[in-house]
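Dear colleague,

Please read them with the sequence and coordinates open beside you.

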Amino acid sequence: MTAPAAQHDGRHDAVPGVIARLGALAAEAEVDRQLRICNACRYCEGYCAVFPALMQRLTYTPADVHYLANLCHNCGACLHACQYASPHEFAVNLPQAMAVVRQRTYTAYAWPAPLGRLVRRHGMVVSLVLVVSMLLVLALAAAGGGPLWRVTGAGAFYEVLPHGMLVGLFAPAFGFAVLALGLGVRRFWRDQGEATAPARAWKRATRRALTLRHLGGGHGEGCPNDDDAYTPWRRVAHHLTFYGFALCFASTVAGTVMHYVVALPAPYGLVSVPKLLGLPGGAMLLVGSLAQLALYQRRDPRLKDPQQAGMDRALMALLAGIAATGLALPALHGHPALPLTLCAHLALVLTLFVTMPYGKLAHGVYRMAALLKRAAERNRPGPAVDGGG
Amino acid sequence: MAWDVLVIGGGNAALCAAITAREAGATVLLLEAAPRDWRGGNSMHTRNLRCMHDAPQDVLTGAYPEEEFWQDLRKVTAGRTDEQLARIAIRGSATVRGWMRHHGVHFQPSLSGTLHLGRTNAFFMGGGKALVNAYYRSAQRLGVAVRYDAPVQRLELHDGRFRAAWLDSGERIPACSAVVASGGFESDREWLRQAWGRNERGEWPADRFLIRGTRFNRGVLLKDLLAQGADRIGDETQAHMVAIDARAPLYDGGICTRVDAVSLGIMVNQDGQRFHDEGEDFWPKRYAVWGRLVAQQPGQTGYCLIDAQALGRFMPPVFEGVRADRIEDLAAALGLPVVATLSTVDAFNAACRPGHFDHAVLDDCATAGLAPPKSHWARPLVTPPFTGYALRPGVTFTYLGVRVDAQARVLFGGTPSPNLCAAGEVMAGNVLGQGYTAGVGMTIGTVFGRLAGAQAALAARTATATSSLATTP
């Protein structure tokens, strides 16, 4: 007996841009091998979008594999349901094989390309950037003249770091992150050979992204984490993180608007738009990211790619740190620890922005692209097949 | 006495019995022969349950009344079925899904490639292993004790009354009553070999069989029960048998090793000769006959040959077929006699009458003057590339079993045991004397598993009451 081997056909000859430069495609070939088993079995088709998408094909080019890997939300339901998982000799573990390929896509499509290699050492990169950011922020604050342990006045934050300096630091960092992620995902989309997606595909994909439908297990009960029991907690924790982050971001935007448009500079009272958005947002972000970290630690190791532990944990730790320091700031008004806490908060945010395109946060844009492709292709004809009982 | 009910086996029927007995208030120990990773027996390879219903129900379309279900069963078994027990299974299937859901089983509309089953079968989301996982979780939550790696070697019986089970390890486990749900004997190669014997060509056909199902069904308890006088049902050579890819693993090949291309092409044996009508009926009604047909061929191998017109029209098999641009080259690559194969294909091609090919209906593409004929979907094999698959018999489960009554009690010389029940494949032969129809194995396992669990709990209560009466001064 032989386990079915990875097979290639003519479609693999015309490889699109980025994939052509990828070199060895062992990770993609392994996913191809497993997908052929899945396509012959299909028991998991109700769990998520990966299965209907794989069933629309008979063979899997590296571009197909990149697409399907990013469509996979790593919920893990299919591994527990798999009659071909180890110790079966077919050794199917789609969530893990997909995770390995996902990280390769973040690397391969990164812009600028040479920085893609940072993805694999993301944990270390984050630590280094954090140290540099902290030193930079501290230096800037110290250059402002005041001691870093002191009670600040009413204008608190801008006494530590002037508003213009903050904008000068964060606007380019954020702009770069958005640009790099945008160019990366554009390369991904081009390699998929997709035209512009129609509006209704956007609508469908956005709904699936915002509801994390594919962490619902197909029946809505959620997904496995520690064992084969379905739990809603991963989806809940991700929602808290995502929407908490969104509220924090909205709070920042509101603050900017108030500063420039209404000429109402910070600090803001408790009953102000930035605070009403930022406080619950920060709390959600803190709870969500810590919960995700805890769930990650307890997750069945078969679902994880050990190579990515640093990348996965770094993001959650950064977000928790940002939320914790952000929430501490209003509480520290009138306390001499405020300037240092503010510096730490700013350094963490800066680190997040700078490292964003080369780490776990990239999953957001690639997954959205995959969901968009799925929404666009779902009504295209696939092979019409018939099988036995 | 430690346990009220001992359940021997760890698949669907065993779990249904254990949960039902526990729900009835019994203390339950379940012994699974396999380690945790391989638990669930053949259930992990299943995906659907054949269900009677009089009107559309969530995932089930139309209606599938009792009488139609019964007629389907009668037809596939050619009458080798016990009508009373069959009707119990059929009626039970109508109401069991609520209970299954309650224990964590999720249903979904029929899987793609199986749309024709949407009326008769409810599909488990994630397949049988997901169902097994849900049942184990539910059983353990209810307080059913589960032991893995616990193969039972023999039962201690006294006049048909169960006393205790003896494990391979030598441990004795007594209980008030027991349910045997330990499957058939398909993975006892020696038993299969003897059952099929030697054919007129001097071959031992069973040596070439592959086992689609679990490697743990070695029929140990079946053999023990029959030796201890339990009534026997069924024929040792009868089994759910499908023709599967010859490259499939020896055990646990499951669903993905099947090749659903037979009705789209022709099937020849190793002499290059056709041997059965490939277009007799819809493939879902015929897939389960080809295992036996191939078993009767020399070398127990059949070769499914198709041309490019069939590609993309059948479920993609897990193993890539052998491909060539000429029939001669395909025959050579498959190790078939070139001249004989070519002349078989030529004769077939010449016999194909023009018609309108439609795989969704019993179309009018048939052969004329050919023996055996191909009654439907007969199109000349003329469009390269040609693809071939070598197929061997794949046994899912055997039908030889112990006879039971309407309460799933094992019969000894026609008398039901007071406290020993059987469920699942070890007694499926009562309903399935031969043949198969999709999803009926799970119907029998679920309905009789629940009956056996209820009966065993009742027997345990009776036994406890009797013994407490006996000890009352």
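Two strands count as paired if DSSP finds at least two bridges between them, and helices (H or I, at least four residues) and strands (E, at least two) are DSSP runs numbered from the N terminus. The model is a predicted one, in which local features need pLDDT of at least 70 and side-chain atom pairs count only at pLDDT 80 or more, while totals for chains, interfaces and linings use all residues. Residues are numbered from 1 along each chain as its sequence is written, chains are lettered from A and ligands numbered from 1 in the order in which they are written, and side-chain values use heavy atoms, without hydrogens and water.

In chain B, strand β1 (residues 3-8) pairs in the parallel sense with strand β9 (residues 172-180) over 5 bridges, and Leu6(B) stands opposite Ala178(B) of β9(B). β1(B) also pairs in the parallel sense with strand β2 (residues 28-31) of chain B, over 4 bridges, where Leu29(B) is the bridge partner of Leu6(B). Between β1(B) and β2(B) the chain passes through helix α1 (residues 12-23) of chain B in a right-handed β-α-β crossover, that is, with the strands pointing away from the viewer, the path from the first strand over the helix to the second runs clockwise.

Chain B also holds an open, antiparallel sheet of 3 strands in the order β3-β5-β4, whose edge strands, each pairing on one side only, are β3 (48-50) and β4 (107-108). β3(B) and β5(B) (residues 121-124) are joined by 3 bridges in the antiparallel sense, with Leu49(B) partnered by Ala122(B).

Best regards
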